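Reader: Can you walk me through this one? I have the sequence and the model open.

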Amino acid sequence: GLDVEGAMLRYRDELIAADTEEELYYALAKISNARKDRHLRISLVEGGITPGDTVGVSQENYPAPGTSVRQAPIRFATDYGTEGSYFLFVSDVGRNIAALSPGRVPEVGDLLVAINGRSLGDYVDAIEPYHRYSSVNGFWWQLATWASQRSYQFPPQFHRDGLELELQGLNGERYSLTLPYLPPEEIEWAGHGARDYAGFSPVFATSTFDLYRSGEQPLLLLRWHGFRESLVDDVDRLMDYAAAHELLDHAVIVDATRSRGGSLGAYAVRRLSPKPFKTTFGNLRISDVTGAFIEQRRQRFERSGPSSPRPGEIDDGTWLMAWLEDDVTAAIRAGQRYTNNVPFKLAHLPKYSDGIIEPAEVHFRGPLVCWLSPYGGSHLDQFASIVVDNALGYTLGMPAGGYSNTWEWEEVLHFPISGEPVVRFMWSIGHTVRPNGEILEGNPAQVDEYVPVTRDNHESYYQLLLSRTLDHLGFRH
């Protein structure tokens with residue numbers, strides 16, 4: 001229902017009126033963010049414009065914002081308890097906060113009333129256009145994270161030399177404090193609201209997940225980090241361990257509340273569930289860059305050559321190139337708006353497939369439970385939609401961030417007269433299609449049991465998820 005063109009055009013006059021590099025940069029950021037796609041961003045380019053507060057920012061394709069971030073020794077979280085009436089509260093503090101700010105020490109649960117001279121309501125309205133997000137819950141999750149940080153991603157008028165806060169304690173009393181912005185690595189956090197799993201012991205850790213075992217129930221827990229390049233080897237290690245210790249009939253919890261994206265989720269699902277499933281699909285929108293995209297992919301394929309895929313798991317790029325050069329090229333000639341839908345990026349299945357993937361030879365046979373949150377998205381959103389749309393397991397928590405597309409296209413914007421570079425601008429050029437046939441972008445899979453983070457349950461949130469899971473599985477606790 002989003003009018004993308006209308007949303008971008010809201011900032012046309014602001015773009016034209018910009019007469020400093022900083023004003024132009026942030027006008028372009030708002031135009032980009034108006035599309036409500038978490039993936040899409042503008043980035044700095046060599047010789048292009050820069051906002052003022054970019055000390056230490058690498059002018060690469062994806063400048064790492066962490067190089068310019070400063071963090072006050074306080075963290076906030078969002079109370080999602082009442083839809084339409086979300087608010088922020090103190091979720092953690094630095095251990096040395098009392099020494100940094102004489103006066104009252106904030107307590108977990110204290111309400112954020114004002115920030116840097118703006119009431120929370122005014123602050124939310126003013127800063128929202130500078131956030132990249134694909135769902136309302138995702139916006140509020142980011143808002144809480146960035147509220148106590150200083151970064152070039154937001155205009156300098158939102159920041160002061162220190163973080164000036166007005167808070168309200170649980171007794172209703174309001175108080176003010178000012179905290180310094182510090183390098184994040186210099187802050188030692190008290191650890192409120194940390195993820196812990198009562199009754200579970202760590203077994204081993206990988207880049208993809210950490211494995212825990214219950215001491216009382218036939219139950220494993222995976223603290224999922226993301227769908228990273230090492231996923232295949234990490235999941236194979238998990239299956240070897242489970243088979244060797246006769247754990248394949250155990251129930252499995254995947255805690256993906258802090259998971260990033262990546263790829264190869266179908267490889268993991270084939271081993272986490274005993275059921276066949278339909279995977280995600282994707283397409284390309286036909287535009288003036290589609291031909292260039294095909295050529296880009298052709299050159300990449302010719303440079304890299306076959307990637308020696310594992311048999312039956314991941315194609316070496318041949319399936320993808322055949323689709324691009326046949327179906328997509330035909331769609332361009334026919335003047336279509338979109339290509340046909342094919343299994344996502346043709347990594348696991350060819351273009352003619354119905355998208356059904358069978359379980360791996362060695363797989364878990366017990367129940368599957370997934371915990372989700374708005375923290376992450378992208379391939380995590382695909383993983384969640386596969387689990388939900390195929391009824392592979394039970395999901396609880398909050399829906400993921402709601403952002404996934406097939407590919408993005410980047411181009412450097414230039415001033416039309418001088419030809420000088422401005423910024424690099426990113427576009428989405430294709431949809432991810434969920435197993436149920438719906439477009440995924442802005443449309444995350446809903447969880448079976450909605451358990452929102454609130455001020456009251458923040459410190460015990462993971463114990464709450466675990467308790468609800470044990471109830472669902474019929475295990476005592």
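Author: We will take a helix pair and then some salt bridges. This is a predicted model, in which local features need pLDDT of at least 70, side-chain atom pairs count only at pLDDT 80 or more, and totals for chains, interfaces and linings use all residues. Residues are numbered from 1 along each chain as its sequence is written, and side-chain values use heavy atoms, with hydrogens and water left out.

Reader: At what angle do α9 and α10 pack?

Author: Helix α9 (residues 290–304) packs on helix α10 (residues 318–334) at about 160 degrees, with the axes 11 Å apart. That makes α9 roughly antiparallel to α10 (the term covers angles over 145 degrees).

Reader: What classes of residue make up the contact?

Author: Contact means heavy atoms within 4.5 Å. Among the residues making it are Phe293 and Phe301 of α9 and Leu324 and Val328 of α10. By class, the contact has seven nonpolar, four polar and three charged residues.

Reader: New topic. How many salt bridges?

Author: The count is 16, taking a side-chain nitrogen of Lys or Arg within 4 Å of a carboxyl oxygen of Asp or Glu. In one of them, Glu188 pairs with Arg95, with the closest N and O atoms 3.2 Å apart.

Reader: Are Glu188 and Arg95 buried or exposed?

Author: Glu188 is exposed, and so is Arg95 (exposed is over 50% relative accessible area, buried under 20%, partly exposed in between, with a 1.4 Å probe and protein chains only).

Reader: And Asp255, which partner does it have?

Author: Asp255 meets Arg195 in a salt bridge of 3.1 Å, N to O. Asp255 lies in strand β13 and Arg195 in the loop between β9 and β10, so the pair ties together parts 60 residues apart in sequence. Asp255 counts as buried, at 0% relative accessibility.

Note on methods. Axes are lines fitted to C-alpha atoms, for helices over the stretch in contact, and angles run from 0 to 180 degrees between N-to-C directions. Helices (H or I, at least four residues) and strands (E, at least two) are DSSP runs, numbered from the N terminus. Angles under 35 degrees count as roughly parallel, over 145 as roughly antiparallel, 65 to 115 as roughly perpendicular and the rest as oblique. Ala, Val, Leu, Ile, Met, Phe, Trp, Tyr, Cys and Pro count as nonpolar, Asp, Glu, Lys and Arg as charged, and the others, Gly among them, as polar.
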